[in-house]
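Hello,

Here is the structure I promised to pass on. My notes follow below it.

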Amino acid sequence: MYAFAIVPALALVAAVPLAWGWGLTWLDAGLALGMYVVSMLGVTVGFHRYFTHGSFKANRPLRIALAVAGSLAVQGPVRHWVADHRRHHAYADAEGDPHSPWRYGTSPAALVRGFWHAHMGWIFDRSLTDQRRFTPDLLADPDVDRVHRAFSLLTILSIFGPSVVGGLVTWSWWGAFTAFFWAGLVRVAVSHHVAWSTNSICHLVGERPWRARDRSTNVWLLAIPSMGESWHNLHHADPTSARHGVGRGEIDISAAVIRLFERVGWAHDARWPSEKRLTKLAVRPEPAAAD
Ligand SMILES: [Zn+2]
Ligand SMILES: [Zn+2]
């Protein structure tokens, strides 16, 4: 499972020096990274922690910006994403979960099949989650509705926008093409696999230090690319928490961004985990200090 996460990443790293100088420039790399960070945070902070779980409150401009940024990740329109994800929490790793790697059983063959289903198979053979049941709050929001319906347009912008910038800056078709390739296609593909890994790897292998009713896990390897979402065991133990990486050294970039939004006054009432709550949620509570 780790190999699955590592091999494509290594292949990509190996391709970079080969292409550097003729098919990949600083501009392409900068555009790819910038688009990755904005769209990924749109999903983790916006679609996930804000729209799905209400882990903080946002003012109207931030709410709209988060819906737009998340749409740029090309993981589906905001209401579909939120409905699927609320269903995932309602039935995690049981009948009704749209993407559980345990769906076909616990034998090695069943788990290989389950892994693919949870990672990306579910996208191709799913029934659309009922939005009236799972997202009545978003259906009633005209701003969200507008962004939801602009999804196709935002997808085109996300994939072809970088090529316009690359073409104009280098004033060449080649510059437009390489920006399209790296900051459009490669960036979306990488972000898809990182996001899907939360559904597959983070319900299959890793640590389980928290009391969750399902098989969710913490996977440190994915913490930085997933913007903190791979502390998934804590997330299932405490879904509305604004912070998923709560342990020492558990980097959670999304939580840092929510904190930043609070500081500048765009967000408020974030649900930060208290020491007391974490002690309750820990599988083995810290023993009381002896004196
Ligand atoms: Zn999960
Ligand atoms: Zn969640």
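Predicted model: local features only at pLDDT ≥ 70, side-chain atom pairs only at ≥ 80, totals over all residues.

Is A9 buried, exposed or partly exposed? A9 is partly exposed, with a relative accessible area of 38% (buried is under 20%, exposed over 50%, partly exposed in between, with a 1.4 Å probe and protein chains only). A9 lies in helix α1 (residues 2-19), helices being DSSP runs of H or I with at least four residues, numbered from the N terminus.

Residues are numbered from 1 along each chain as its sequence is written, and side-chain values use heavy atoms, without hydrogens and water.

Now to helix α9 (residues 151-170). Its 20 residues should span 28 Å at 1.5 Å a residue, and the end C-alpha atoms are 29 Å apart, which agrees (the expected span is 1.5 Å times one less than the number of residues). A kink of about 40 degrees lies at F160, shortly before the proline P162; the bend is the angle between axes fitted to the seven residues ending at a residue and the seven starting there. Among the buried residues of α9 are F151, L154, G161 and P162. Just after α9, W171 takes a positive phi of about 50 degrees.

Best wishes

Definitions and conventions
Chains lettered and ligands numbered in written order. Helix = DSSP H or I, 4+ residues; strand = E, 2+ residues; numbered from the N terminus.
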